[in-house]
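Thanks for coming. I have one structure to go through today, so please have a look at it before I start.

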Amino acid sequence: MTTPPVTMDKIVNLAKRRGFTFQSSEIYGGLNSCWDYGPLGAELKRNVKNAWWRDMVQARDDIVGIDCSILMHPRVWEASGHLAGFTDPLIDCRECKGRFRADHIATAQCPLKPSKAPGQHDKCNLTEARNFNLMFKTFMGPVEESASVVYLRPETAQGIFVNFKNVQTTARTKIPFGIAQIGKSFRNEITPGNFLFRTREFEQMEMEFFVKPGDDERWFEYWVQARLDWYAQLGIRRDKLRLRPHAADELAHYAKGCADVEYEFPIGWSELEGIANRADFDLKQHAEHSGKDLRFFDEESREHYFPYVIEPAAGADRATLAFLVDAYDEDIVDGEARTVLRLHPQLAPIKAAVFPLLRKEGQPEKARQIYDLLRPLYAVDYDQAGAIGRRYRRQDEIGTPFGITVDHQTMTDATVTLRERDSMQQERLPIDRLVGEIAQRLAQPWQR
Ligand code: GAP
């Protein structure tokens with residue numbers, strides 16, 4: 001049987017129906033391109049961020065983490081080049097009031113005639129492209145004047161650069177080493193959309209890896225491969241991932257080289273994460289603008305230098321969307337359609353669900369005891385409503401890898417059945433082996 005294609009509509013419907021995401025401020029009609037994560041979505045996104053932090057910080061002895069404020073001194077954005085250059089070219093249509101990014105116009109749809117691109121319909125009346133700065137502005141303190149303007153950060157990276165010396169001296173790190181951060185960023189995108197893919201408020205997972213100039217190309221290759229592998233290890237199918245090196249004319253103002261990890265979303269191949277060689281651009285700029293010496297002193301060679309920086313920059317929301325899309329599957333079980341999220345067990349919002357087969361014979365009480373046993377260890381669910389097949393389907397649809405069923409036999413020999421989401425195989429095992437068995441299965445490598 002061929003699996004039906006995964007569309008963004010199916011993902012959005014499932015996400016809403018099961019409480020992964022809700023439109024922000026929905027009861028007031030919603031706020032365009034802003035999303036709230038519901039109970040399951042919050043768990044899923046937290047698991048994505050935890051996996052990143054575990055693999056990028058905790059498991060390594062050459063990377064440390066920080067957590068910076070969102071509001072920063074406005075001069076940061078002068079030095080970083082964002083005030084002058086963090087712009088997108090904007091085109092308006094005087095006729096339909098549509099608004100488009102000039103560099104996306106060929107693939108955009110004319111609101112009057114969606115089969116055509118803006119500019120191709122007789123009535124189109126487009127303006128020239130003008131540059132539009134993507135940073136959100138606000139005011140610090142009670143007076144709304146130019147002296148009190150501050151910006152919501154458009155990337156987490158700058159918090160890392162301005163703290164380079166603080167971290168390096170207090171954590172006594174030696175090059176090569178990295179500083180990682182997860183946090184919110186804001187961009188007043190001209191054309192947000194495609195669910196979590198492009199929003200105006202989003203979370204980034206960025207790491208700046210400081211290396212000796214000359215070692216940068218080697219480290220760039222290392223991080224490109226490491227980041228591609230990370231998604232595959234967390235279950236994304238290899239044939240849905242690819243690398244796309246940037247051409248010289250699309251490099252950001254700070255970059256010497258860049259490659260994107262792309263995923264084949266329902267909207268086509270699109271950037272999941274960018275890995276850039278930022279050379280010594282940022283540290284030099286901040287040294288010049290702040291007047292502080294941000295060079296590294298190399299004790300071996302006895303020289304001062306500005307390190308080069310390799311930056312793997314990922315989006316937590318975009319990664320969460322990719323994991324959801326890649327996991328989505330539909331199949332037929334016992335003649336009935338089943339939707340199943342084949343999420344890596346480590347990412348699954350709920351790890352196990354406990355079911356009493358019947359609501360009598362002490363089965364609910366026994367199932368609750370097992371639920372209480374597992375709850376301090378993992379996110380677990382308890383469900384006694386409806387036929388057991390229905391209950392399995394409800395968990396399959398949200399990606400719960402393990403189902404534990406208490407039945408008549410449990411009451412005599414203290415064993416339960418452990419059902420596995422993907423194979424739907426059931427195994428009988430003693431309750432006192434459950435904790436160890438689930439821990440072992442969660443730690444195993446997993447592929448779809
Ligand atoms: N510090 C470099 C930097 O910010 P970027 O390519 O602009 O680079 C890195 O952003 C990642 O952040 C992207 O690959 C994407 O996953 C995520 N991202 C960027 N803009 C986004 C948006 N408007 N909505 C959701 N995620 C976004």
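Predicted model: local features only at pLDDT ≥ 70, side-chain atom pairs only at ≥ 80, totals over all residues.

The protein chain has 448 residues, and 51% of them count as buried. In secondary structure there are 13 helices and 23 strands. If you draw a box around the C-alpha atoms along the principal axes, that box is roughly 75 × 70 × 50 Å.

How much of the contact pattern comes from residues 24 or more positions apart? Taking contacts with a separation of 6 or more, such pairs account for 65%.

Now the surface. The accessible area of the chain is about 21,500 Å², and carbon and sulfur atoms hold 49% of it. As for charge, I have 60 positive side chains and 66 negative ones. The centres of those two sets lie 3 Å apart.

Next, the helix I picked, which is α10, residues 363-374. With 12 residues, α10 spans 17 Å from its first C-alpha to its last, close to the 16 Å expected at 1.5 Å a residue.

Which residues of α10 are buried? They are Gln 363, Pro 364, Ala 367, Ile 370, Tyr 371 and Leu 374. Looking down the axis of α10, these buried residues fall within an arc of 120°, so they line one face of the helix.

On to the backbone. As a rule, most residues other than glycine have a negative phi, and most peptide bonds are trans.

Pro 176 sits in the loop between α6 (164-170) and β9 (177-186).

Another is Phe 195, in the loop between β9 and β10 (201-211). Phe 195 is not a glycine, yet its phi is positive, about 60°. Is Phe 195 buried or exposed? Its relative accessibility is 7%, and the cut-off for buried is under 20%, so Phe 195 counts as buried.

Then there is Asp 334, in the loop between β17 (328-333) and β18 (336-341). Asp 334 also has a positive phi, about 50°, without being a glycine. Asp 334 counts as exposed, because its relative accessibility of 75% is over the 50% cut-off.

His 246 is in the loop between β11 (241-245) and β12 (257-265). Not counting residues up to four places away in sequence, His 246 touches Leu 251, Cys 258, Ala 259 and Asp 260. From His 246 back to Pro 176 is 70 residues in sequence and 25 Å in space, C-alpha to C-alpha.

The other is Leu 126, in the loop between β5 (99-101) and β6 (130-133). Leu 126 is partly exposed, at 29% relative accessible area. Beyond its neighbours within four places in sequence, Leu 126 has contacts including Ile 91, Cys 93, Phe 100, Ile 105 and Pro 118. Leu 126 and Gly 98 are 28 residues apart along the chain, and their C-alpha atoms are separated by 9.1 Å.

That is what I have; questions are welcome.

Technical notes:
Residues numbered from 1 in each chain as written. Heavy atoms only, no water. Helix = DSSP H or I, 4+ residues; strand = E, 2+ residues; numbered from the N terminus. Buried < 20%, exposed > 50% of the residue type's maximum accessible area, 1.4 Å probe, protein only. Contact = heavy atoms within 4.5 Å. Areas by Shrake-Rupley, 256 points an atom, 1.4 Å probe, with all protein chains shown as cover. Lys, Arg positive; Asp, Glu negative; His and termini not counted. Charge placed at Lys NZ, Arg CZ, Asp CG, Glu CD. Expected span 1.5 Å × (residues − 1). Arc of directions from axis to C-beta.
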